[in-house]
Amino acid sequence: MSRISPRPVAVVLGALALTGLAASPAAAAQGFVDGTISAEGQSCSWTDGVTSDQAPTPLTVDRTTINTSGTGNLSCDGDTTAALNNDPGVTFDDAAGTLTVDVLDISVSVLGITCRYEGTGVSAQRDGDTRTYTTSTEIPLAEGGFLCPDPASVTASLSFR
């Protein structure tokens, strides 16, 4: 039996890897995050993921605004589906031009096979003085059989507004 190509998994992981972010005060100003991921000819993207505050304040991304199907939300090429299992937290370090995601917990399904990935301390680099961040990283497999790539290689670009 052959392994599932890591291509769709990497695409979805990358998109979700940087959507999550850190806890913030209840009176915070709501923000948004858009993301695009490309890997080995596959891609996933979303718009209008709701954040609990605006960058560079520590914030969280509401996973339901990423997972909900419909216009503007997570969409992947082909038969790949994905779900963010937590509301990841993110902190920004403007002096270093980086962001760090506390815990990223996502599930990816390809051709009926589901793989769950969990990463901690995922970081991304800011593009100049914008609020767009990019990363290329690997996220380890938390659940799933031998058909799941372990780790999954991820490339992502996220824009906070």
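Predicted model: local features only at pLDDT ≥ 70, side-chain atom pairs only at ≥ 80, totals over all residues.
Local features were taken at pLDDT of at least 70 and side-chain atom pairs only at pLDDT 80 or more, while totals for chains, interfaces and linings use all residues. Residues are numbered from 1 along each chain as its sequence is written, and side-chain values rest on heavy atoms, with hydrogens and water left out.

We can start with the core. A nonpolar core is taken here as a set of buried Ala, Val, Leu, Ile, Met, Phe, Trp, Tyr and Cys residues joined through side-chain atoms within 4.5 Å; buried stands for under 20% relative accessible area, exposed for over 50%, and partly exposed for values in between (1.4 Å probe, protein chains only). The largest such core has 30 residues, and Leu 74, Phe 92, Leu 99, Tyr 117 and Phe 160 have the most contacts inside it. At least two residues of this core come from each of strand 2 (42-51), strand 5 (80-84), strand 6 (89-93), strand 7 (98-110), strand 8 (113-126), strand 9 (132-139) and strand 11 (152-160). Strand 7 gives the largest share, 6 residues. Strands are DSSP runs (E, at least two residues), numbered from the N terminus.

The structure holds 1 disulfide (a pair of cysteine sulfur atoms within 2.5 Å). Its partners are Cys 115 and Cys 148, with sulfur atoms 2.0 Å apart. Because the torsion about their S-S bond is about -85°, the disulfide is left-handed. Cys 115 belongs to strand 8 and Cys 148 to the loop between strand 10 (141-143) and strand 11, so the pair ties together parts 33 residues apart in sequence. Both Cys 115 and Cys 148 are buried.

The aromatic rings complete the picture. Rings of Phe, Tyr and Trp (its six-membered ring) pair if their centres lie within 6.5 Å, and planes under 30 degrees apart count as stacked, over 60 as edge-to-face and the rest as tilted. By this rule there are 3 aromatic pairs. One of them, Phe 92 with Tyr 133, is tilted, at 5.6 Å centre to centre and 55° between the planes. Since Phe 92 lies in strand 6 and Tyr 133 in strand 9, this pair ties together parts 41 residues apart in sequence. Phe 92 is buried at a relative accessible area of 13%, and Tyr 133 is buried at 0%. Phe 92 also pairs with Phe 160: their ring centres are 5.4 Å apart and the planes stand at 85°, so this pair is edge-to-face. Here strand 6, with Phe 92, is linked to strand 11, with Phe 160, across 68 residues. Phe 160 is buried too, at 9% relative accessibility. Through ring pairs, Phe 92, Tyr 133 and Phe 160 form a cluster.

Definitions and conventions:
Helix = DSSP H or I, 4+ residues; strand = E, 2+ residues; numbered from the N terminus.
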